[in-house]
Amino acid sequence: MKNIFYLLIVILFSNNLLSQNQDLTSAIIAIDNKRDIDTAKEAIDNATKKIESGSVLKAKKMSKYFHYRGKIYLTLFEKAWFDSVITPDFTHLEIATNSFSNDVLSPGSHSKKSLNQLKRCANFYQEAGFRDYELNNFISSEIKFEKAVNINTSEPISIIDTVNMFNACLMAVFAENYSNAIKWSLKLVDANPKDEKYQLQLINAYKESGNLEKQLSSIQNARLSIPQSQAIIIEEVNYY
């Protein structure tokens, strides 16, 4: 009786694994061969539900799953992004980002392709930040730039994204969120204390926040880092 019970478990597990593989194969055929994004999404979503319920694929299959889930959801996002009527769904971009990140960190055969696609996700967040800025949606814009920073500074890419840090800092200033402006300015100064605009941004952020003690200490630190800066000397004179 016990042997029959274990046999039934093995059969159920095998059937679930087979079904999972079929879903993944269907998704790949739909997106690569038929360019049928709706069928591809349905199939990859079915595979996701089975994985989330406890099913496990082998390492190579998981790499393929993550890569194609990212590819399908990025395609969905792109379709809306380049359409003047459809509003892009940023949960699609987030799913794509997470999927590519998971694949890049795995030893699968698709990891290099996923790394390139992950960089594209960062670029989309950056472009979305600029779009929001043009609409004066400064809070949303900062969030988008921060998403780009998080992707670019994550382990797979590992670059210090000062461009989008500075963009996020400016959006925080425009939104009069000076605590966030200080946060970004500190990161920028830490990344490059010799950059005058980063130092001035930090000084002004403390000034606008009303923290005179921190404003003075930031001026003094800036003077030590860039003693020849006329702009920082003026900030020191004006403080007193």
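Q: Which residues of H6 are buried?
A: This is a predicted model, in which local features need pLDDT of at least 70 and side-chain atom pairs count only at pLDDT 80 or more, while totals for chains, interfaces and linings use all residues. Residues are numbered from 1 along each chain as its sequence is written, and side-chain values use heavy atoms, with hydrogens and water left out. The buried residues of H6 are Phe-138, Ser-141, Glu-142, Lys-144, Phe-145, Ala-148, Val-149, Ile-151 and Asn-152. Buried means under 20% relative accessible area, exposed over 50% and partly exposed in between, with a 1.4 Å probe and protein chains only. Helices are DSSP runs of H or I with at least four residues, numbered from the N terminus.

Q: What do those buried H6 residues pack against?
A: Helices H4 (90–104), H5 (111–134), H7 (162–174) and H8 (178–191). Contact here means heavy atoms within 4.5 Å.

Q: And how many residues does H6 have?
A: H6 covers residues 138–153, which is 16 residues. From first C-alpha to last it reaches 22 Å, close to the 22 Å expected at 1.5 Å a residue. The expected span is 1.5 Å times one less than the number of residues.

Q: Where is Asn-136, then?
A: Asn-136 sits in the loop between H5 and H6. Its phi is near 65°, a positive value in a residue other than glycine. Asn-136 is exposed, with a relative accessible area of 53%.

Q: What about phi at Ser-158?
A: Ser-158 has a phi near 55°, which is positive in a residue other than glycine. Ser-158 belongs to the loop between H6 and H7.

Q: Switching to packing. At what angle do H4 and H5 cross?
A: Roughly 150°, with the axes coming within 8 Å. That makes H4 roughly antiparallel to H5. Angles under 35 degrees count as roughly parallel, over 145 as roughly antiparallel, 65 to 115 as roughly perpendicular and the rest as oblique. Axes are lines fitted to C-alpha atoms, for helices over the stretch in contact, and angles run from 0 to 180 degrees between N-to-C directions.

Q: Which residues meet there?
A: On the H4 side they include Phe-90, Leu-93, Thr-97 and Phe-100. On the H5 side, Leu-115, Leu-118, Cys-121 and Phe-124 are among them.

Q: How do H7 and H9 cross?
A: The axes of H7 and H9 (residues 196–209) come within 12 Å and cross at roughly 30°. H7 is therefore roughly parallel to H9. Thr-162, Phe-166, Cys-169, Leu-170 and Val-173 in H7 meet Lys-197, Tyr-198 and Gln-201 in H9.

Q: What covers the buried residues of H9?
A: The cover includes H7, H8, H10 (212–225) and H11 (230–239). Among the buried residues of H9 are Tyr-198, Leu-200, Leu-202, Ile-203 and Tyr-206.

Q: Which residue caps the N-terminal end of H9?
A: Asp-195, with a side-chain oxygen 3.1 Å from the backbone nitrogen of Lys-197. Just after H9, Gly-210 takes a positive phi of about 85°.

Q: One more: is Lys-50 buried or exposed?
A: Lys-50 is buried, with a relative accessible area of 19%. Lys-50 is in helix H2 (residues 37–52), and its side chain makes a polar contact with the side chain of Asp-23 at 2.5 Å. A polar contact is a pair of N or O atoms within 3.5 Å; within protein, one must be able to donate a hydrogen and the other to accept it, and residues adjacent in sequence count only if both atoms are side-chain atoms.

Methods:
Helix = DSSP H or I, 4+ residues; strand = E, 2+ residues; numbered from the N terminus.
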